[in-house]
Amino acid sequence: MPSAWLLQPRPIAPPPPPPAATRPSLSRFSFTQIQITDVLKELQNLDPYKSAGLDNLDPLFLKLSAAIVATPITSLFNLSFISSEIPKDWKAAAVIPLFKGGDTLDPNCYRPISILPCLSKVFESQVNKQVTDHLESHRTFSAVQSGFRAGHGCTSDTIKVLNDIITAIDKIQYCAAVFIDLAKAFDSVNHRILIGRLSSLGFSDDCLAWFTNYFADRVQCVKSEGMLSGPLAVSMGVPQGSILGPTLFSVYINDVSHAAGDSLIHLYADDTILYTSGPSLDTVLSNLQTSFNAIQHSFRGLQLLLNASKTKCMLFNRLTSMLFNRLTPDQHHHPGWFRP
């Protein structure tokens, strides 16, 4: 077997503008009035054991009083659409550090759990349904995007990729794949770029104003042992623990798949697999290198960085499947492979 190639770091250029939206010819999207019956159902289905947010509105209280409060809450939601404003209290998150193990004095040994006000999540659930119904009905999402979509998931993602790899092996071909992991992807979303994508996808000016306000003036406080820290402004990323966050992130990275070129690609949330096959190992790795360069370029345009320690390359053939040549970052913190 010839010695394995390694993907080389490419020269660093200024980040390109974000790619054009998938389907700029989409019909316009505007919010429609939320119905009382939908809010009532949402309130009645609340988990009473969930924690209250910083507004101290307990889910159990909202659940028990659903028949009484559904009408004024619905009016409040619809008023938000009209004014393109969201109550500031709904944009404040309590972050609870959950100990994972290790040194109790090391912040890296804690997982932050973000708790948003219950009413904000009820509202976002209604907004998210309108947004996803529109995007799915217009087939906005790429066919290779499996994250946070009805009828898609880890299983469908895995089956598709495994079938492609096994098919290549059955043809006695080499198959190489790059498993790409992004560093703090959800927390790195640029709001300006995301609003631009929503605009290109046909979202009305009123919707864009609402989403702009949705991201503005967000804060988080750390809550631990009965103590609450002061507020810290959150100026980027999709809100942790939110209902809209995963959908908005999928919109944000959807067009990355266009950069795959001759290679195949599949996306699941912030995890990406890029793979290709052929009779010649040199050709396979050359094609993968070209595609990987383009994918890095696309991610940089979105201001997303690769996590070098978790991004791996794997070679598949009939005799063996093996990880080879661990990724190492170059001086610009972009991972690449090097010849041994």
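**Labels and the values behind them**

Modeller: In this predicted model, Ser 291 has a relative accessibility of 4% and therefore counts as buried, since the cut-off for that word is under 20%.

Biologist: Where is Ser 291 placed, and what does Ser 291 touch beyond residues up to four places away in sequence?

Modeller: Ser 291 lies in helix H9, residues 281-301, and touches Ala 259, Ala 260, Asp 262, Ser 263 and Leu 274 once residues up to four places away in sequence are not counted.

Biologist: Why is His 138 called partly exposed?

Modeller: His 138, in the loop between helix H4 (118-137) and helix H5 (154-170), has a relative accessible area of 26%; buried requires under 20% and exposed over 50%, so the value falls in between and the label is partly exposed.

Biologist: What makes H6 and H7 roughly antiparallel to each other?

Modeller: The axes of helix H6 (residues 191-200) and helix H7 (residues 205-215) come within 10 Å and cross at roughly 160°; because angles over 145 degrees count as roughly antiparallel, that is the description H6 and H7 receive. The contact is made by His 191, Leu 194, Ile 195, Leu 198 and Ser 199 of H6, together with Leu 208, Phe 211, Thr 212 and Phe 215 of H7, and these residues divide into 6 nonpolar, 3 polar and no charged.

Biologist: How do you know that strands S7 and S8 pair?

Modeller: Pairing requires at least two bridges, and S7 (residues 264-268) and S8 (residues 271-278) have 5 bridges in the antiparallel sense, with Tyr 268 opposite Asp 271 in S8.

Notes. Residues numbered from 1 in each chain as written. Predicted model: local features only at pLDDT ≥ 70, side-chain atom pairs only at ≥ 80, totals over all residues. Heavy atoms only, no water. Helix = DSSP H or I, 4+ residues; strand = E, 2+ residues; numbered from the N terminus. Buried < 20%, exposed > 50% of the residue type's maximum accessible area, 1.4 Å probe, protein only. Contact = heavy atoms within 4.5 Å. Axes fitted to C-alpha atoms, helices over the stretch in contact; angles between N-to-C directions. Parallel < 35°, antiparallel > 145°, perpendicular 65-115°, else oblique. Nonpolar A, V, L, I, M, F, W, Y, C, P; charged D, E, K, R; others polar.
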